[in-house]
Each structure stands twice: as structure tokens, then as C-alpha cells.
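Please read them with the model open.

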Amino acid sequence: MSIGFTVTATDGAARAGVLRTAHGDVDTPVFMPVGTAGTVKAMTADSVRAAGARIVLGNTYHLMLRPGAERIARLGGLHRFMDWPGPILTDSGGFQVMSLSKLRKIDRDGVTFQSHIDGSSHRLTPARSIEIQHLLDSTITMALDECTPFPATPDQARESMALSMRWAALSKEAFVTRPGYGLFGIVQGGVYPDLRAESAAALGGIGFDGYAVGGLAVGEGQDMMFSVLDSTVPRLPTESPRYLMGVGTPDDLVGAVTRGIDMFDCVMPTRAGRTARAYTSRGVFNVRNARFADDGGPIDPDCACPACTRHSAAYLHHLFKAEEMLGPMLLTWHNVFYYQSLMAGLRVAIQAGRLGGHAAALRAGWMATGEDAG
Ligand SMILES: [Zn+2]
């Protein structure tokens with residue numbers, strides 16, 4: 001038995017469930033904070049746990065370059081290294097090779113690239129990506145894929161998807177099955193429903209422990225993203241977890257959960273926390289805004305995080321103006337807490353069969369007083 005997944009309640013296409021892993025159970029739908037280089041930026045592992053997170057993401061590309069997968073393995077694996085005993089999902093490295101590395105050259109068997117850190121040459125193949133994730137002791141391993149660029153013509157998207165399906169099969173061959181560990185495949189195909197359907201069928205034929213939808217949130221816009229989910233999600237096995245990669249805003253999460261997605265990751269809440277942007281029940285705003293200079297109330301009166309229960313908006317405003325590092329730390333904590341609370345609320349609403357009303361209330365709140373902080 002690899003990882004287990006049980007759907008405990010449904011509301012329309014939305015599901016609430018439990019993911020069972022070697023490193024603990026995770027209630028779904030779930031948002032996974034991104035711990036790029038072995039840390040959720042600006043947070044201790046304890047604060048990530050206290051914010052409600054139960055699973056985090058690690059980036060293969062960053063960790064293979066620095067400090068190196070073999071070194072992390074010698075030091076006891078990524079859980080030990082970053083003091084996160086809970087489940088860790090690692091990406092395959094493919095997306096960041098394409099977005100961060102220099103002089104990358106893709107071929108039928110893998111991708112050769114130069115490190116963005118020191119220019120050293122590296123090669124990532126499906127087998128090597130799976131081996132690296134094994135060395136990291138990743139709970140959930142992702143198959144190596146090529147994230148189809150947007151826009152792409154139907155021919156480009158087909159060729160890219162076919163390559164990803166070939167790599168998916170090679171990833172499956174290389175994966176070492178262990179109790180409580182899993183391997184997910186990634187649906188590609190750009191914005192083309194027929195290609196997405198073909199990709200979903202190919203992955204189902206290979207057989208994975210979960211299915212991700214990749215290649216979205218790359219510039220196609222929310223309407224197109226939801227349209228792709230509408231045609232793709234019904235083609236994924238109902239008994240397996242479904243993961244939408246790299247998404248998104250709170251509104252994206254609600255829309256995707258409504259369409260049957262169980263898992264998410266995104267740098268948005270942590271990156272925003274470092275740039276003074278607060279996600280709240282009343283929308284998103286920038287705490288540098290002058291209107292907070294004398295605001296003795298919390299940045300979100302509905303939030304139970306330490307930044308909101310122990311500090312004023314005026315204090316956070318001051319910390320960012322003075323460029324104190326506690327500003328990004330507190331606001332990251334708030335944003336991660338807010339995302340976790342949002343997902344917990346969605347789980348409760350699905351279990352109670354009132355997701356539609358809950359989603360409408362959330363959207364009304366976001367419209368109420370939030371400014372568009374961009
Ligand atoms: Zn808060």
C-alpha cells in the first residue's frame with residue numbers, strides 16, 4: 001500500500017477527504033505552503049505547524065543544486081534537515097529548470113542545464129528526478145514533466161504533452177514503492193481539452209497514487225483555468241487525490257475546490273508576506289498604505305493568528321516602513337494562517353453540504369473593503 005486517500009464527504013463536485021501517509025494524515029482540500037530551499041521563507045517549522053499547515057512542499061531544483069540531494073540524504077533526509085516530521089511533497093524540478101536555469105537544452109530523455117547559482121552543468125532525467133526525491137525522503141514524489149508554455153499552438157502543446165507522458169512512464173519505472181509514500185502523475189495539454197483528455201487517459205493507464213493538473217496559472221487567466229478544470233477533473237480517477245499545481249489566490253482556491261481539486265501549493269501567501277501584501281477576510285491590501293499608520297486594530301479582525309491577536313495594523317505598517325525583518329515574518333505567518341483557515345472553512349462547508357453559500361459569503365467579504373494591491 002502506498003499512500004491512502006478516503007473521500008469523506010462531497011458537495012457537488014467538491015470533496016472533503018483524508019490523505020494517509022507515512023508521515024501522518026492530512027485533511028483535504030489542503031493548501032501546502034512552499035518550502036522552496038528547505039524552509040518556508042521567514043517562518044520556523046514550529047510557526048508553520050502553528051499556522052495549521054500539515055504538509056509542505058520542497059523544490060527539487062533548488063535542493064539538488066544547494067545543498068545537494070546526497071548531502072541531505074547523509075544528514076537524515078529533508079524531514080530531519082528542516083525539522084518537519086510531517087508529509088513533504090517535492091516537485092520534479094522540471095518547472096524550475098525551465099524558469100530559472102541558464103542555457104537549458106531539452107531532449108527526448110531529459111534536460112541539461114546550467115545552475116542559476118554558479119553556472120555548473122547538470123542533467124535531469126525522469127530517473128534522476130525520482131532518485132533525488134527519494135534521497136530527500138519525499139512523502140509524495142512528482143513525475144518529471146515539461147510544463148507547456150503559454151501560449152502554445154495545438155501542435156506545440158501536443159508534442160510537449162507527449163514528451164511528458166513518456167517521462168511519466170519512465171518516472172513510474174524508477175519509483176521505489178514504499179508504504180505511505182506516493183508518486184503523482186501530471187496532466188498536461190495546455191488549454192486544449194482533447195489533449196488534456198488524452199493526457200489524463202495516458203496517466204490513468206500508467207497508474208499513479210494521485211493526479212496533478214499542471215501547466216495552469218501560467219498566464220491563461222482564471223476563466224480559462226476553470227474551463228480547463230471543468231473538462232479535465234471529471235476525467236481523473238475519483239478514488240485518487242487531485243492536485244492543482246502552483247495555484248493560487250483565495251478566489252482561485254475556492255473555484256478549484258468547487259470543481260473537485262483536493263490539493264494546492266503556491267508561493268503567493270509567503271511571497272506576499274514579504275512584500276507587505278495581506279490576504280484577509282476583507283480582501284487583499286498593502287500594509288504600507290498610509291491609512292494603516294494610526295490603525296490600532298488588527299489587519300484582519302476575523303483572524304486568530306499572532307499578527308492579528310497581538311499586534312495592530314499600525315505596528316505592522318511601522319515594521320515595513322522601518323524595514324524591520326519582523327514585518328515579513330509576522331505578515332507571512334498571517335497569510336499562511338489565513339490560507340489554512342480558508343481551507344479549513346471549505347472542508348467544514350463541504351461536510352455540511354453548504355459550500356455554495358459559504359463561497360458566496362467569502363467572495364462578498366473579499367469585495368467589502370479590500371483594495372486591489374496588484
Ligand atoms: Zn492574522
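1. Terms first. Helices (H or I, at least four residues) and strands (E, at least two) are DSSP runs, numbered from the N terminus. The model is predicted, so local features need pLDDT of at least 70 and side-chain atom pairs pLDDT 80 or more, while totals for chains, interfaces and linings use all residues. Residues are numbered from 1 along each chain as its sequence is written, and side-chain values use heavy atoms, without hydrogens or water.

2. Largest pocket. A pocket is an open set of points on a 1 Å grid over the protein atoms alone, with protein on both sides within 12 Å along at least five of seven lines; lining residues have an atom within 4 Å of a point. The volume is about 760 Å³, taken as the space filled by probe spheres set on the points, which are joined across faces, edges and corners. The lining has 33 residues, and Phe-95, Gln-96, Gly-246, Asp-265 and Val-267 lie nearest the centre. Helix H5 (94–100), strand E14 (263–266) and helix H11 (268–274) each give two or more residues to this lining. H5 supplies the largest share, 5 residues.

3. The lining of the largest pocket divides into 14 nonpolar, 13 polar and 6 charged residues. Here Ala, Val, Leu, Ile, Met, Phe, Trp, Tyr, Cys and Pro are nonpolar, Asp, Glu, Lys and Arg are charged, and the others, Gly among them, are polar.

4. Cavities. A cavity is a set of grid points where a 1.4 Å probe fits but cannot get out. There are 2 cavities of 30 Å³ or more. Residues lining the largest cavity include Phe-150, Arg-196 and Glu-220. The second largest cavity has about 30 Å³, and its lining includes Met-98, Asp-145 and Trp-167. That lining holds 5 nonpolar, 1 polar and 2 charged residues.

5. Helix H10. Of the 9 residues of H10 (residues 250–258), 7 are buried, so the helix is largely enclosed by the rest of the structure. Buried means under 20% relative accessible area (1.4 Å probe, protein chains only). Among the buried residues are Pro-250, Asp-252 and Val-257. Just after H10, Gly-260 takes a positive phi of about 100°.

6. His-23. This residue sits in the loop between strand E2 (14–21) and strand E3 (24–28). His-23 counts as buried because its relative accessibility is 19%. Its side chain makes a polar contact with the side chain of Thr-139 (2.7 Å) and another with the side chain of His-79 (3.5 Å). A polar contact is a pair of N or O atoms within 3.5 Å; within protein, one must be able to donate a hydrogen and the other to accept it, and residues adjacent in sequence count only if both atoms are side-chain atoms.

Note on methods: Buried means under 20% relative accessible area, exposed over 50%, partly exposed in between (1.4 Å probe, protein chains only).
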